[in-house]
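I opened my notebook to look through this structure step by step. Here is what I looked up.

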Amino acid sequence: MQNISVKGVKRVPQRKCVGCGEMIGKKGAVRVVRDKDGSFSVDPTGKKNGRGAYICNDSKCLGLAKKGKRLERSFKCQVPASIYEELEKEIDKELTENQ
Ligand SMILES: [Zn+2]
């Protein structure tokens, strides 16, 4: 697995965190994708096709997103609990890698 949170990478499109509502900064984000079949997946590489939403690599943002059902709002449908679990794992991983 490639580490995508390399410092100084210029490819920074306008991505907004569904948790805090702010633009994704240097610490990066985890992407959630809903493909055309309507199935969700967590996409740390940001390369999967489909409609995506971003959450900062921050458990606080995930908490906010969960609490406010922001992912559901963004996708306009139910998001399976397993996706939240995966996001949690992904964010945990990123945080330990960056320490
Ligand atoms: Zn955020």
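Predicted model: local features only at pLDDT ≥ 70, side-chain atom pairs only at ≥ 80, totals over all residues.

Which residues in H3 are buried? I found that Leu87, Ile91 and Glu94 are buried in H3. They sit on the same side of H3, because they cover an arc of only 60° around the axis, the arc being that of the directions from the helix axis to the C-beta atoms.

Residues are numbered from 1 along each chain as its sequence is written. Helices (H or I, at least four residues) and strands (E, at least two) are DSSP runs, numbered from the N terminus. A residue is buried if 20 or more other C-beta atoms lie within 10 Å of its own, exposed if 12 or fewer, and partly exposed in between, with C-beta atoms placed from the backbone.

Next I checked the other face of H3. Turned away from the buried side are the exposed residues Ala81, Ser82, Glu85, Lys89, Thr96 and Glu97.

What do the buried residues of H3 pack against? I listed strands E1 (29–34), E2 (40–43) and E3 (51–56), and helix H1 (59–67).

Then I stepped back to the whole protein. I counted 3 helices and 3 strands, running β-β-β-α-α-α from the N terminus on. Of the 99 residues, 28% count as buried.

Last, I looked up Tyr54. Leaving out residues up to four places away in sequence, Tyr54 touches Arg15, Lys16, Cys17, Val18, Ile24, Ala29 and Arg31 (contact means C-beta atoms, placed from the backbone, within 7 Å).

Note on methods: Contact = placed C-beta atoms within 7 Å.
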